[in-house]
Every structure is written in structure tokens, then in C-alpha cells.
Amino acid sequence: MFDTLQDRLQSAFKNLRGKGRLSEADIDAVAREIRVALLDADVAVPVVREFIANVKERASGAEVSQALNPAQQVIKIVNDELVTILGGETRRIRYAKNPPTVIMLAGLQGAGKTTLAGKLSLWLKEQGKSPMLVACDLQRPNAVTQLQVVGEQAGVTVFAPEPGNGVGDPVQVATAGLAEARRTLHDVVIVDTAGRLGIDAELMQQAADIRAAVDPDEVLFVIDAMIGQDAVVTAQAFLEGVDFTGVVLTKLDGDARGGAALSVRSITGRPIMFASTGEKLTDFETFHPDRMAGRILD
Ligand code: GDP
């Protein structure tokens, strides 16, 4: 991920090497190259516009540091702006004062929700928590079984409706799962919900109903980092339909351009909290905006 963006930014900076001072023309030229690099990486247009405006303003402003040459200054400014659009601070899970903490997952089908449920529960176990998974994706015939498989791999309990018994009502399953977690003293409950291939009103309503029923501490919107410009529309639809407290980026191991990763925070105002970087349950990490910016500029 980000290989092309990384190369393009490096070549933009290269033209500044050896310059003693940057003229307005130099700044315009490098800003133009950065703009094209970001657009080619599928970063959303309004995000690019603001990014470039900030870079230009800061590069031509009086923030002249004696310690850095002009090329280094521009790299530092771009780094800072990347950290900003990626969210600034690392945002960690807010656990409930009175357990269980309820974490609900939402997103399109194929985004990687079920896999994430396994990854997150394994990670939570490593943090000393005792998570339980609740299978509320009752749309896709295989979804419950798939969750049971990842639950088993992660070594966590999965609460699922008995086959043929009340299958159909995800809100009821969510409520019963939460009650079961309280009874069995699990301190985190992860509620997996149904996804569809496209955004659809019924799906949104179902997710909103589950949200209302279990009153989650965190609602994580799971988004495939490879979806490019569609990320904006999808993220906005989930923001309006369900609302969410944080974002999980999946498939960051892919070789796509990564625009979703760079846009979703600015578009939604919600922090990116975790990154999923492969198919294995351990391919999962806390998202640190500064480290991600560092990787892009490395
Ligand atoms: P869901 O429909 O949202 O529950 O999505 P799944 O969890 O079933 O994931 C869809 C596909 O993406 C599966 O084949 C997963 O193995 C794969 N997948 C999920 N997360 C990642 C990731 O971070 N990297 C890669 N390469 N594949 C992933």
C-alpha cells in the first residue's frame, strides 16, 4: 500500500534538494506535484484541496527553521499534514465503566468484518480482556458459521442463534447475546452485523436497530482500504445511517493506492482506530497516525 504515493512524493521532494531558499514558484511547483500524487492515490478531492492549501500556506509562511533546509522543511510540513488528515492522536478503545464494553461492527459485505471480529477478539484477549462474539449477521447463510470458525481460531466464545430457532431477528440475537455475556462475565462483547454488497436502506435500518438495542460503547465502521473514491460515499452513508465512533481500515496489505485510508478521517470526522493488514488473525494493529505518515514518507 502507498508505494506509488511514496515514490511520487519522493520525486516531488527531489526537485527541492540543493535549493537555498524556496521561491513562490518552487512552492507552487512542489504543491502541484503533491496534489497530483494525492489525486492519483485516490484521495478524495476536498481532502486534497485542503491538504495542498495548508502545505502552501505553511511553506510560504515565516516558519523558517534554521535547522532544516528547504527540502527538509517541505517534507516536515507534508509529514505534519499527513498526520493531521490521518487523525493526529492515536485513538484507543473507550471501555465501559461498567463492563461489558459493547463494540458493534458495521460495514459493507466483504469489507472484512467477520475476519476483524476474530482479530479484535484475539487482540483483546492479549490485553487481558475476556471477549465474546455475537453473530448478528443473519443475512448471509454462511456468516454465522464463519464467525464460529474465527471465534474458534481466536479461542473465544461465540453467541449465535440455534439453527432454525429464532434465526431472522438480529436485534433479538444482539440483546440475548449481551444478556448472556453479562451472565457469563465476559467484559467485552463484539457484535457482528450484516453487510450488503451495496448500501441499502434495510441494512442501515437493521444496523441502527441493533445499535439502539445494545447501546454500544464503540461502533466501528469497517472499510476496505482498496475501494478508492467510493470510500467517501460509503463512509457518508454509514455515518448518516448508523453513525460510528471509529474506523477500521482493512486490506492495508494490498497494493491499491490507499486513498480511502487518507480520506476517511477527514470525510467523516471519526478516528481510524485499527488497521488490518492480512488474512491471518494476527495481521492487525492499533492505528497510529504518526507512524502511518512516517511509513508513507519513509
Ligand atoms: P465481511 O463480509 O465484512 O465479514 O468480510 P470477511 O471478513 O468475510 O472478509 C472478506 C475477505 O477479505 C475474506 O476473504 C478475508 O480473508 C479477506 N480479508 C479480510 N481482511 C483482510 C486484510 O486485512 N487483508 C487481506 N489481504 N484480506 C483480508
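Select helix 1 and helix 2 (residues 24-40): the two pack at an angle of about 175°, with their axes 9 Å apart. Helices here are DSSP runs of H or I with at least four residues, strands are E runs of at least two, and both are numbered from the N terminus. Axes are lines fitted to C-alpha atoms, for helices over the stretch in contact, and angles run from 0 to 180 degrees between N-to-C directions. Helix 1 and helix 2 are therefore roughly antiparallel to each other; angles over 145 degrees count as such, under 35 as roughly parallel, 65 to 115 as roughly perpendicular and the rest as oblique.

This is a predicted model, in which local features need pLDDT of at least 70 and side-chain atom pairs count only at pLDDT 80 or more, while totals for chains, interfaces and linings use all residues. Residues are numbered from 1 along each chain as its sequence is written, and side-chain values use heavy atoms, with hydrogens and water left out.

Now show side chains. On helix 1 the contact with helix 2 is made by L5, R8, L9, S11, A12 and F13, and on helix 2 by V30, E33, I34, V36, A37, L38 and D40. Contact means heavy atoms within 4.5 Å. These residues divide into 9 nonpolar, 1 polar and 3 charged. Nonpolar covers Ala, Val, Leu, Ile, Met, Phe, Trp, Tyr, Cys and Pro; charged covers Asp, Glu, Lys and Arg; the others, Gly among them, are polar.

L5, Q6, L9, Q10 and F13 of helix 1 meet R295, I296 and L297 of helix 11. By class, that contact has 5 nonpolar, 2 polar and 1 charged residues.

**Helix 9 and helix 10**

Next, select residues 230-241 (helix 9) and 259-268 (helix 10), which pack at an angle of about 35° with axes 10 Å apart. A231, V232, A235, Q236 and L239 of helix 9 touch A260, V264, I267 and T268 of helix 10. The contact holds 7 nonpolar, 2 polar and no charged residues.

**Strand 7 and the annotated span**

Select residues 271-284, which UniProt lists in an unreviewed entry for "domain: SRP54-type proteins GTP-binding"; positions follow the numbering used here, feature names are shortened, and annotations may be inferred rather than shown by experiment. The span is 0% helix and 43% strand, and its end C-alpha atoms lie 17 Å apart.

Within strand 7 (residues 272-276), pick I272. Is I272 buried or exposed? At 2% relative accessibility, I272 is buried, where buried means under 20% relative accessible area, exposed over 50% and partly exposed in between (1.4 Å probe, protein chains only). Not counting residues up to four places away in sequence, I272 touches L86, V247, L249, A261, V264, R265 and F287.

**Backbone stops**

P100 sits in the loop between helix 4 (70-85) and strand 1 (101-106), and the peptide bond from P99 to P100 is cis, with omega near 5°.

L185, in the loop between helix 7 (170-183) and strand 4 (188-193), has a positive phi near 60° without being glycine. L185 is exposed at 71% relative accessibility.

D243 lies in the loop between helix 9 and strand 6 (246-250). Its phi is also positive, about 65°, in a residue that is not a glycine. D243 is partly exposed, at 29%.
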